[in-house]
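User: I'd like to go through this model and ask what the labels on it rest on. Can you set each value against its cut-off as we go?

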Amino acid sequence: MTEGRAHFPIEPWALTEVGLDHATLGVNESVFALANGHIGMRGSLEEGEPVVVPGTYLNGFFEERPLPHAETGYGFPAPGQTVVNVTDGKLIRLLVRDSPLDLNYGEIIDHRRTLDLRAGVLRRVTEWRSPGGRTVRVTSTRLVSLTRRSIAAIEYQVEVTDDLGDLYVALQSDLLANESGTTGSDDPRAAAALARPLQCELAVAKGKRAVLVHRTKRSGLRVAAGMDHIVETPDSCTEEIEASGDLARYTLAARLPRRSSLRVVKFLGYGWSSRRSDAAVRDQIEGALATAKLAGWDRLLREQRELLEQHWDEADVEIDGDDELQQAVRVGMFHVLQAGLRAERQPIPAKGLTGPGYDGHTFWDTETYVLPVLTYTAPSAARDALRWRHSTLQLARDRARELGMRGAAFPWRTIRGEETSGYWPAGTAAFHINADIADAVVRYHNATDDDEFDRDFGAELLIETARLWASLGHFDPEHGFRIDGVTGPDEYTAVVDNNVYTNLMAQRNLREACRAVARQPDVAGRLEVMPEETEEWERAAALMAVPYDTQRGVHMQSDGFTHHEEWDFAGTPAEHYPLLLHYPYFEIYRKQVIKQADLVMALHLRGDAFTLEEKIRNFAYYEPRTTRDSSLSATQQAVVAAETGHLDLAYDYWAEAALTDIQNLHENSGHGLHIASLAGGWTVAVAGFGGMRDHDGQLTFAPRLPPRLNRLRFRVLY
């Protein structure tokens, strides 16, 4: 499937679709997704068609699937995990006399949808003339509550806009499970398809309320989805409610006199559990629906706006001189907030809850890209994400034992906490995720002084990740403490010795673990940390190997990297990017070609380990060898470009990171948003041009304004 590039009017606090473009339908479903960290609803139309991926997702809810390996080996993960498109409650189908409202048929007189960043809603206005000649205006406002974790709601209104007399309409408000839908792509990064993963356990309906309870076949997770309604009609109407199997439906038939309107408010509730019974999850959702309906639609809207008013007051980035970038940065920040605010000890997936891309997995970029934004703008969400990592600590310990290591080995990609990467050179070997998690722990503690978190969760994470480095590396009389056979952030250079990013992040991890032991002696005692162990950590950190090419005057990304054969960039056609889809990994691994910022990212996150002159030389060397085949690259390159004086280049990369999904730059935004790249809109503003660094608990700034801007203003919580 070829995805088009959408064009949105430039507005400071909104994103608006004007007209219907089938080529950008999937992208807009992602961009207009609403979420709160627990529930995610793609921006598909209420009538259900036309649609690309209709998805509704609950954080942490997945199905298991076989994980194929070309050849099996010891320690290879067995089951895979894939996010499930759960029961769809967005559906409200309208029958205008005898014609279903379908934007593929009839005549679209006007159609626009707006994502309102201050109200936190998706608004839609469509005026449509049926094949039979009757004209109606449909307006809807969709909300996924940022204050009520289990609740979403839709206000749906139908107005007769012609003068042809009374109009009879029927409205069907549905809950639909096992909905069909596909990513329509051969891209291996897209989600694995699941055929009817949900099995019905319970279906109940009464009055205007219905609840469906389903369970997954393999993972054994139970999900409940419920709906209730408030109806206002100008004249007589009939109502029916039914629920069985995969469908619950509330049907309303009404007579609308000329120039009159019908209004329905649909309240939705979602929850899931791995332990509770079908009756228990049903009761949970019925209770949540009852309180939401009692509060009413206007209160839900007010709660949403008040929360966002406070958030923007504490976190906004103001850009004077580039209205398009201003819009993009705020859209990105809004989606980052949606991805994590109410996750409440569940992971933050790479796509958030906006699509099935990457099977709904979370990766290291959560801690390295997303959590820094949340730490300084919505710290409670960062705390919850790190508590989720802590809740998976025993699985990480088990994985380390399986690999013959001490401490904890956190998974490269996962939903529940087990390793689910089927390609070990880019998965298991990418141990830097341990240090990325430790870095996020340290950053959060420094920013918040949350000593309770440090005592109950943070210190233990730092200690167990440090133990992995102590057992993974070894002391070499010639080169100090080496960490061999690992993969750094650059997935085009796999299974290498002494990756500089990994080693320097591990160095910080080891030192911070020693500090945690000193701060939390009770935690250290419970974990049986001996003085000999912390002495080993300190020695390993002091002697950490950091490869350097004295001939070229730059650091090696890993041992020998600068001596590899150069990649033939001049002979690589533009259509052969990304390289991983056009060249064998064997050819890529042995050349000086970089998928995404690796050593350059070390210049940012471990900038305290380099002089400015070293940063300038390193950036100049690695910049032309980086393809940016990953959406993770532009952010880090922008930050370091700004620090090393390349302000125009930094500005261009800033736009690339912030506009990744709005302009569908990687041609796969229909699978879901690139949350880490969207987070980069904030990161480049604050860490790039604001020059913010937080080394060793000291917050510093070195502001530098790009030539194209008149002013840049931002706020952080610290």
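Analyst: What follows takes cavities, aromatic pairs, a helix and some backbone angles in turn. This is a predicted model, with local features needing pLDDT of at least 70 and side-chain atom pairs counting only at pLDDT 80 or more, while totals for chains, interfaces and linings use all residues. Residues are numbered from 1 along each chain as its sequence is written, and side-chain values use heavy atoms, with hydrogens and water left out.

User: What makes a space in here a cavity, and how many cavities of 30 Å³ or more are there?

Analyst: On a 1 Å grid over the protein atoms alone, a cavity is a set of points where a 1.4 Å probe fits but cannot get out. Points are joined across faces, edges and corners, and the volume is the space filled by probe spheres set on them. The count at 30 Å³ or more is 7, and the largest cavity holds about 290 Å³.

User: Which residues line the largest cavity, and what makes a residue part of the lining?

Analyst: A lining residue has an atom within 4 Å of a point. That gives 23 residues for the largest cavity, with Tyr376, Arg443, His604, Leu605 and Asp694 nearest its centre. Two or more lining residues come from each of helix 5 (365–377), helix 8 (432–448), helix 10 (500–519), helix 14 (599–605), helix 18 (675–689) and strand 27 (693–695). Those elements are DSSP runs numbered from the N terminus: H or I of at least four residues for helices, E of at least two for strands.

User: How does that lining split by class?

Analyst: It has 9 nonpolar, 7 polar and 7 charged residues. Nonpolar covers Ala, Val, Leu, Ile, Met, Phe, Trp, Tyr, Cys and Pro, charged covers Asp, Glu, Lys and Arg, and the others, Gly among them, are polar.

User: Why is the pair of tryptophan 364 and tryptophan 412 called stacked?

Analyst: Rings of Phe, Tyr and Trp (its six-membered ring) pair if their centres lie within 6.5 Å; planes under 30 degrees apart are stacked, over 60 edge-to-face, and the rest tilted. The centres of tryptophan 364 and tryptophan 412 are 6.5 Å apart and their planes are at 20°, so the pair is stacked. Tryptophan 364 is in the loop between helix 4 (323–340) and helix 5, and tryptophan 412 in the loop between helix 7 (393–402) and helix 8, 48 residues apart. Both tryptophans are buried, a label that needs under 20% relative accessible area, with exposed over 50% and partly exposed in between (1.4 Å probe, protein chains only). They also belong to one aromatic cluster with Tyr358, Phe363 and Tyr369.

User: What makes phenylalanine 701 and phenylalanine 714 a tilted pair, and why are they partly exposed?

Analyst: Their centres are 6.3 Å apart with 35° between the planes, which makes the pair tilted. Phenylalanine 701 has 42% relative accessibility, so it counts as partly exposed. Phenylalanine 714, at 22%, is also partly exposed. A search of the whole structure finds 21 aromatic pairs.

User: How do you know that arginine 330 lies over the face of tryptophan 13?

Analyst: The rule wants NZ of Lys or CZ of Arg within 6 Å of the ring centre and within 35 degrees of the ring normal. Arginine 330 is 3.7 Å from the ring centre of tryptophan 13. Arginine 539 sits over phenylalanine 475 too, 3.9 Å from its centre.

User: Why is helix 8 called largely enclosed?

Analyst: 15 of its 17 residues are buried, so the rest of the structure largely encloses helix 8. From first C-alpha to last it reaches 24 Å, close to the 24 Å expected at 1.5 Å a residue, where the expected span is 1.5 Å times one less than the number of residues. Just after helix 8, aspartate 449 takes a positive phi of about 55°.

Definitions and conventions: 1 Å grid on protein atoms, 1.4 Å probe; cavity = no way out; pocket = protein on both sides within 12 Å on 5 of 7 lines; lining within 4 Å.
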